[in-house]
Amino acid sequence: MDNHVPKQPEPLLHGTPSITIRKSISRNGGQPFEDSDVLVLSSRSTSDTHCEDSKQLYVDLRLSKPLLPDSTITWGFAGIRVTLSSTPLRFRWNHYIDSQGRDGPPDEGTMTSCDGEEVETGIGVNHETGELEQYEERWIDQPVPPGTPFAFLTSSREPGESTGFIAILGDHALAMRQSDTEFQVVRMRISTSTSSEVLFKQNADTLLPLLESALSGFDDWKGSPWERGQEITLQENRWTVWDAGMTGGNDCVI
């Protein structure tokens, strides 16, 4: 794998990457329900997430339940999350690729904590009705033990110009890419003791080999992880490392 380290170091990142699942959603004050298997992998942040303009890269995939190879995408998108305010804590999720189209209304929500869960409230599009509705989503962060390797890659140096995103963290790997004609997705379960498993794929003839190439390079780190801003080659395509490292210890130095 041909890897190129940037001449100038990228700004430090802070915190710890996260694995988040959605517990439920309710609309217009109705009863909470969950019709999708939702997985969000998020990188470290450019500053404390409570600081205005803090940014982190995320990949968000929502599949019909139960999660099966023939599930359908209820929504998939990826991009940069930006902190809009700290009091209240409010975020905007910029969708640089989006299975529902990239010209939707701003995706913004206010976050509070309740009983160990993150509660997101806002106004968003109900894709079943096409109407803007009030919503409440409840999110749960999964444990990420110290020493867990992670990597977040973009198909262009600037995330806003990227048409592809790869996120690897813990037992999870997500890859998404969007062209003018199709939306490509792979979700994998990673195992160190057995073969990794493709849980879901769509239009993935070229994307799956890309993700497998990334996982192969990921396994070859041997204590020397990719660096933020580094360019790597995956299947003869140039990708940029937005974030990479090992959790625990001095998380903000890579």
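A: Arg-22 stands opposite Trp-139 in S9. The two strands concerned, S2 (residues 18–27) and S9 (residues 131–142), pair in the antiparallel sense over eight bridges. Strands here are DSSP runs of type E with at least two residues, helices are runs of H or I with at least four, and both are numbered from the N terminus. Two strands count as paired if DSSP finds at least two bridges between them.

The model is a predicted one, in which local features need pLDDT of at least 70 and side-chain atom pairs count only at pLDDT 80 or more, while totals for chains, interfaces and linings use all residues. Residues are numbered from 1 along each chain as its sequence is written, and side-chain values use heavy atoms, with hydrogens and water left out.

S9 also pairs with S8 (residues 117–126), and nine bridges join these antiparallel strands. In this pairing Gly-122 stands opposite Tyr-135. S8 and S9 form a hairpin with four residues between them, and Gly-130 in the turn has a positive phi of about 80°.

Both pairings belong to a closed barrel of eight strands with antiparallel pairing, in the order S2-S3-S4-S5-S6-S7-S8-S9. Neighbouring strands of this sheet are turned by 35° against each other on average, direction ignored. For such angles, axes are lines fitted to C-alpha atoms (for helices over the stretch in contact), and angles run from 0 to 180 degrees between N-to-C directions.

Asp-60 stands opposite Phe-77 in S5. Leu-84 is found in S5 too, a strand that covers residues 73–86. Leu-84 counts as partly exposed because its relative accessibility is 25%; buried means under 20% relative accessible area, exposed over 50%, and partly exposed in between (1.4 Å probe, protein chains only). Leaving aside neighbours within four places in sequence, Leu-84 is in contact (heavy atoms within 4.5 Å) with Glu-52, Arg-90, Phe-91, Arg-92 and Glu-108. Leu-84 and Asp-53 are 31 residues apart in sequence, yet 6.2 Å apart in space, C-alpha to C-alpha.

As for confidence, the mean pLDDT of the protein chain is 92, and 93% of its residues reach 70 or more. Over residues 250–254 the pLDDT is below 50, although this stretch has 18 contacts in the model beyond near neighbours in sequence. The pLDDT is the predictor's confidence in each residue, from 0 to 100.
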